[in-house]
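Student: I would like to go through the charged pairs and the strand pairing here. Please give the cut-offs as we go.

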Amino acid sequence: MGILHNDRGQHYSHVFTNAVAVDISTTDFIPQYSSQLYVGGTGEIKVDTPESTGVVFKGVPVGFFPVLVTKVYKTGTTATNIVALR
């Protein structure tokens, strides 16, 4: 297993085996399993995690978002081109 790096010098030792586009154009996105996210366009992301509900992360930059999420909200999310990784 290799180490992945993003443009901010952060590294991740996990290689993902599944990727699904997060489509919140009509409703909230609920992945089949808890997922981490890749963000393609900066903004805010409102999510549920395994232990928290309705958390808003502001100013999320492009890159990997290393938080396990169980739901991405349509309302409250302005970041774009989000991909759920598992």
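Student: Is Glu-44 buried, exposed or partly exposed?

Tutor: This is a predicted model, where local features need pLDDT of at least 70, side-chain atom pairs count only at pLDDT 80 or more, and totals for chains, interfaces and linings use all residues. Residues are numbered from 1 along each chain as its sequence is written, and side-chain values use heavy atoms, with hydrogens and water left out. Buried means under 20% relative accessible area, exposed over 50%, and partly exposed in between (1.4 Å probe, protein chains only). Glu-44 has a relative accessible area of 26%, so the class is partly exposed.

Student: With which residue does Glu-44 form a salt bridge?

Tutor: A salt bridge is a side-chain nitrogen of Lys or Arg within 4 Å of a carboxyl oxygen of Asp or Glu. For Glu-44 the closest N and O atoms are 3.4 Å apart, and the partner is Lys-58.

Student: How many residues apart in sequence are the parts that Lys-58 and Glu-44 tie together?

Tutor: Helices (H or I, at least four residues) and strands (E, at least two) are DSSP runs, numbered from the N terminus. Lys-58 lies in strand 6 (residues 55-60) and Glu-44 in strand 5 (residues 43-48), so the pair ties together parts whose separation is 14 residues.

Student: In which sense do strand 5 and strand 6 pair, and over how many bridges?

Tutor: Two strands pair if DSSP finds at least two bridges between them. In the open sheet the order is 6-5-8, and Ile-45 stands opposite Phe-57 in strand 6. Strand 5 and strand 6 pair in the antiparallel sense, over four bridges.

Student: Which are the edge strands of that sheet?

Tutor: Three strands form the open sheet, in the order 6-5-8. An edge strand here pairs on one side only, which holds for strand 6 and strand 8.

Student: Which side chain meets Lys-71 in a salt bridge?

Tutor: A search of the whole structure finds two salt bridges. In the one with Lys-71, the N to O distance is 3.4 Å and the partner is Asp-28.

Student: How many residues apart are Lys-71 and Asp-28?

Tutor: Lys-71 is in strand 8 (residues 71-72), and Asp-28 is in the loop between strand 3 (19-21) and strand 4 (35-41). The pair links distant parts of the chain, at a separation of 43 residues.
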